[in-house]
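The following paragraphs lead through a structure by way of its annotations, its secondary structure and its packing. The sequence and coordinates are shown first.

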Amino acid sequence: MLVPCVVIFALFIVWPLGKSVSLSLHGSDLFGRPDAFVGLQHYRDMLGSAEFRHILWVTLAFVLLTVIPGVLGGLLVVLLLEQHIKGIRIFRTAFALPFAFSVASASVIFATIYNPAIGLANGILGKFGVDRIGWLTDPSWALISVAITTVWMSIGYNVLVLSAGIGAIPDEINEAATLDGAGGWRAARFITVPMLGPQLFFLVVISTIQSLQSFGQIKILTPEGGPEQSTKTLVYSIYHTAFANNASDFGAASAQAIVLFVILLICTGIQFGVLERRVHYK
Amino acid sequence: MRQLTAGRVVTYAVLILAALAVIFPVYYVIAGSVMSPGQISSYPPDLFPHGLFTGNYEGATHSGTPIGQQYLNSILQTSVITLSQLITSVLAAYAFVFMKMWGRTVLFGLFLATLMVPWESIVLPNYLTITGWSIGGERLTASHAGTMLALVLPFLANAFGVFLLRQSFLQFPLELRDAATIDGAGHWRFLTRILMPLNKPALMAVSLYVFLAAWNQFFWPLLIGDSASRRTLQIGISQLNDAEAADPGLILAGVTLSILPTLAIVIFGQRFIVRGLTAGAIR
């Protein structure tokens, strides 16, 4: 009964992982297919190149620009929803709606909104007298614009996880707080937020992992990695290095793929490490 | 009745603003899809459609854009992945919970470990493997059927479904299982007649979760389909956007059509999705 799963995992996850390592130690022919063994050459090239440092920097900036606003925004919404709001179901559904949007559909919508000539973003800002912004064409804006799209897509999930966390806070704790005269924001500050610690931590890790793996929104909103390569993250670079016209290099792309794997492994390791400690000291 | 203090006014104001910001793109895609080309391209932009213009939908479904075929491709790809993951996950979860075998815990640990391998790190070897296969002397991806097969193959099983169903099966009372065995029910009969009907919510959660993920896939379908009629809907709408002199109304109509199934799932299946999506977060 385990055979179907084992076969699929072996064929499409375990074996390819080994193959990725092997590819990263080989050169590539004209079509990007592997040829001679080159050892650690790709890794040496990568670590020595200013371009790769730029890619890592863009990747880090993208993670910060998506994770911090996404988690804080979700927290703010959930705390507001906790203040005995009328029509809470309508608000909940509203915040869940972005779920329905795939990365492709969300990106295409935002591409239309960011459109420099007819897009709503500039149209609305224009009414307040703000000059037109080159959302996707200005190197200092492109990454921010892609991050806004990403935060929009993730906010529903964050609200959901935090709402579930609030639901799990024992009633006695809230009652005790009310009896002690802590209401509204005082209760939120000193009780709800600390009690949400595990969920907030989980969200930071999971959003970081997702952010590191973002691809569709970058490819669709800023083809070619953005103006002056300003949106060229690690995953986009893997795609670009492997499939760029005339310069396809599966070896170098695989070396980047292994770097991505190691970074994500560290993130997951941190998650498990901290969770284990929590359980241990309880 | 609570007093309407200044604090509560601010609370409502911030919430309403946040909700509007989140809903706005949803509203815009639907409103824009029924605007005439002249209206949507006007500057400053209009927020409300003048009447119901259906030309974009006609354009998106007819003309040079093979959205109809791509819709069918996506439905096929998503159904096969969902059905297959459901079957493989039920079987594996059953084995992990109800069959005693050597190395069960270790194997389950290895299953979970596969979740830590990011798709982006193994996509290149998978691409080389699958485009390297041939059937009857022809490359697998050279035919429409072969392309559909290539789209689904790596996703026929996933450890997340196994994990979720195992959690659910573990809750199953052992007395019921023993009673079924005494009544002469074998593994298969117990699984299909008793266990699955009693675990419908978990099965729904897995199905909807897998459906959403498969329908929304982007990276792999981008690499696999090499002609318009073999692409999935997600790639199709993103290419509407790439086209020179893209018509925004047409794009938004395409997007609206593409989100209908997932919108239905999010609105009507919310409680099942919550279960799947928050499985890792709440302990």
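UniProt positions are given here in the numbering of this structure, feature names are shortened, and annotations may be inferred rather than shown by experiment. The model is predicted: local features need pLDDT of at least 70, side-chain atom pairs count only at pLDDT 80 or more, and totals for chains, interfaces and linings use all residues. Residues are numbered from 1 along each chain as its sequence is written, while chains are lettered from A and ligands numbered from 1 in the order in which they are written.

In chain B, the unreviewed UniProt entry places the feature "transmembrane region" at residues 9–30, 80–99, 106–128, 148–165, 202–223 and 250–274. Helices (H or I, at least four residues) and strands (E, at least two) are DSSP runs, numbered from the N terminus. On that basis, residues 80–99 of chain B are 95% helix and 0% strand, with end C-alpha atoms 27 Å apart. Residues 202–223 of chain B are 86% helix and 0% strand, and their end C-alpha atoms lie 33 Å apart.

For chain A, the unreviewed UniProt entry gives the "transmembrane region" feature at residues 55–81, 93–114, 141–169, 190–209 and 253–275. Residues 93–114 of chain A are 73% helix and 0% strand, spanning 26 Å between end C-alpha atoms. Residues 190–209 of chain A are 95% helix and 0% strand, with 29 Å between the end C-alpha atoms.

Chain A as a whole contains 13 helices and 2 strands. Its C-alpha atoms fill a box of roughly 75 × 55 × 40 Å along the principal axes.
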